[in-house]
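Please find below my notes on the model, arranged as numbered points.

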Amino acid sequence: MSGFYSFKDNQLENNLFLNRIVAAFIAILLLTSGLVIRLIHLQVTGHEHYASLAKDNSIKISPIVPTRGMIYDRHGNILAENTPSYSLEIIPEKTTDIDDTLARLQQLLAISEEKIDLYQKQRKRQKRFTSTPLLLSMTDEEIAKFAVQRPFFPGVDIRQRLVRHYPYGELAAHVVGYVGRINEAEIKTLPSAEYQGSTHVGKLGIESSYETELHGKTGNAEIETNVQARPLNTLNETDAVQGANLYLTLDMDLQKTAYDALDSFNGAVVAIDIKTGGVLVFASRPSFDPNPFVAGIANDAYQALQTSEDQPLFNRALRGLYPPGSTIKPFVALAGLEHNAITASQHLFCKGYFQLPNVEHQYRCWKKTGHEWVSVNKAIMESCDVYFYQLSNMLGIDNMHSFLQKFGFGEKTGIDLVGEKTGLLPSPEWKLEQKKQSWYPGETLITGIGQGLNQVTPLQLARATATLANRGEIVNPFLVDKMVSATSTLPSRDPHKEIIPLKTKNVNSIIEAMVNVVHNEHGTAYDLKKNFNYQIAGKTGTAQVRGIKQNAKYDENKIAFKYRDHALFIAFAPADNPKIAIAVIAENGGHGGSIAAPIAAKVIKQYLKDNNEN
Amino acid sequence: MKIETHHDQFEPPSFIGTLLRKLHVDIPLFICLSLASLLSFVILYSAGSQDMGVLNRQGARIILAFVFMIILAHIDPYQFKRYSVLLFGIGLFLLLAVLLMGQTALGAQRWLNLGFFRFQPSEMIKITTPMTIAWYLSGHPLPPRPKQLLIASILILVPTLLIAKQPDLGTAILVASSGAGVLFFAGLSWWFMTGILASLAALTPVLWHFMHDYQRARVRTFLNPEADPLGRGYHIIQSKIAIGSGGIHGKGWLGSTQSELDFLPESSTDFIFAVFAEEFGLFGCIGLLLLYLLIISRCLYIASQTRDTYCRLLASSLAFTFFVYVFVNIGMVIGVLPVVGVPLPLISYGGTSIVTLLSGFGILMSIHTHKKPLHH
């Protein structure tokens, strides 16, 4: 600064400052007067109005809880419903001493400590005049016990509530899921206004994936109450919007067939309607009864489910990761044909094992004596490993990886269920990034027969099979077919989104070979043929759970059950006009052909019989 | 007629008076602040459902805050001036640190965990912003020229935007007004201020665009609380019922039914004025406002008695910010301003804000009790 302004004029500044102090003070006085005027408006003019709201006749806004939507299968069978049941409810405001009341109730009805805790948490979230359930689905005995003692428990009453019920129990527990009481973590994430008055929320499966739609919209009523908060009169009401009813693509008869067919094996069955992508069967075994979860499952029962070695809570169809084994061979063979690594008529020699140049390790075929000269047809039909070692070696991992990826291996299918696993389709890039190791040529061979690092979910396998049956038109699986509600409707699905460009003659060669798996006497699933008067295409698979040493022999009888091979089978039918695609995994089942294939056969047979009758 | 020779000298009437003077404490301010703190206990006992734990924690905070105030009152204002920029710089640095690695509480990043305690850098900024603006403007002739105005505006905007981004709209408003206060007292032309206000009004749509969803929701609620009575409008409706039902005389101490029946949320913190209004009525409210006015008047008086430009700009701005605090909080509780997270100063429970607040008064006391002989 220079010139005139470099001088500080103290007197001028002083006057200026004092003026500003006065101005500020006046402004502050004016604004404060504004506050006072508003206070007079509220406390003098509006006093009567507000006092009546607060004191004599307070208006309480109470939520109107919507009824949760029902869940049906494709034939209208009920999967989830709301049944009336009696619950013990407490209005904290009306009790003399809530803690004492709880203690006495606990003694009277032998209520577990967990349920008391759960109630306490729920109570803190709600207003003191709302009724909160302590016990759901009371037994007749409990009702009788309490009824006698009722006069000693002011504020406690038996009420009828709608409780979620799953008629099919364990049969579709993993898909349908269940609702449970809202827990503390959920309180923080759920929209509080929407869930005032709601006690339950979807925890798993469709119940969780479609929570918003099933829940509906909470309404509210302005209720005039007296000093004791007893409702006198409803002034204004905004109705609740009931939750949407969901219709699944699932076929419960078929689901039951698949579930029963798995029998004593742990595993999964997924069947897809090829034309639409609708999932017909989504079975995971062992399963659990979802009904106890609704009222709050007892801790020890839950612990038992959690710690069971068979993992009944685990949804194998959606989240189980298995090596695909030989079921990947049709896809690898198709990759070979499409990339011109081999032709359909070309033969490769199998002497029982394969060796990479200058490597001593023998990559063995399952048939020790070898298959001799093998074409692509015979390779799939008899599941020759050596053919696929050689093919993979010629094809190269990059071609194989990019081709298999198109069929959805190593990627989520995008099904409308939360928690889907990605699986793993190994590649040199992946290995370098994740394991900081370079790729060995031997791994290409192992990948080509579906062993090694490969991991697929049963759902992925079924989808890839459906896409193959569909001749490259990608099938996107889904579960919810229809949504019926006052407000929301399901966005229409585009059934087929992308098409993998494939040469017709190549696809024909593969499908022909897969038909031979079942219908040729040398096929690995020839036993199935007798069941069908039409052609089905399939592929067996046997996935190693544990590696076998170079010179050791795999002997099913000498090995612990849990280290036995997984049995796999993929199929679609009818071969000439595919309608259903299926993937079956029977854990530790041994051979795909003898254990997994019959399960698939039962499902296919029933589905096509039903559909032809209709 | 008796001639008073030392009419401008305050004679210490007692031992306590002497002690307080030695401590560099301004007695009228000290009395008012103690009164407000006492009031805080009285209301908190009622609003906090008679929970002694609440009172103990509040008591500890108030004692800490008074200790801070007395320590700061001891420091020569020249030191404040000297370290203004340095402290401001540290504050800005910590603000950035919070944005990059701070802890998230209730969806907002405000805290910096220093291991032994959590610290809100935005609190430090509340005081160091007016210090820095006052330091900068006091080096130039007043009223400020456009160039100084520009630089001062940047110095205000940087911390304000950083805090708004946390997001903490309430503190951002307080920081902005503390800086703007300095500019006002430095003699910013009326025409210019009118212009700024007009362009701010024009910029409202732009501001709306940059707001967080929850901030927009608050503004919408403010404009029409009845639209969402179970959700966001709930606070305002219940708060108005509490205040209105208090009437002229109030329902008496511990007589608040609204907070007792849990209708009134945040009754101990941001909405404590509603409990106060319900229990002590219009008379109580006017009394509280008078107490606040007394504090503000004393602060403005201290500012007017100061000859040093830095000191008086800082002192007047601190007084002004204190008023903004009161006005924004009460304004939102009685439903004339949108809900922003600003506590009722000296009364609301919790927050490190009470320490900052009393630190400000400590600086004011320092300015008042360290007057240097005037240079002519």
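1. In chain A, strand S20 and strand S21 (residues 566–573) run antiparallel and are joined by seven bridges, where two strands are taken to pair if DSSP finds at least two bridges between them. A:Ala537 stands opposite A:Phe572 of S21(A). Helices (H or I, at least four residues) and strands (E, at least two) are DSSP runs, numbered from the N terminus.

2. This is a predicted model, in which local features need pLDDT of at least 70 and side-chain atom pairs count only at pLDDT 80 or more, whereas totals for chains, interfaces and linings use all residues. Residues are numbered from 1 along each chain as its sequence is written, and chains are lettered from A and ligands numbered from 1 in the order in which they are written.

3. The pairing belongs to an open, antiparallel sheet of five strands in chain A, ordered S12-S11-S22-S21-S20. Its edge strands, S12 (279–285) and S20 (537–543) of chain A, each pair on one side only.

4. Helix H10 (residues 252–262) of chain A packs on this sheet, where it touches S11 (267–273), S12 and S22 (580–586) of chain A, and its direction makes about 30° with that of S12(A). Axes are lines fitted to C-alpha atoms, for helices over the stretch in contact, with angles from 0 to 180 degrees between N-to-C directions.

5. Between the chains, 39 residues of chain A are in contact with 45 residues of chain B, contact meaning that C-beta atoms, placed from the backbone, lie within 7 Å. H1(A) gives the largest share of chain A's side, 19 residues.

Conventions:
Two residues are in contact if their C-beta atoms, placed from the backbone, lie within 7 Å.
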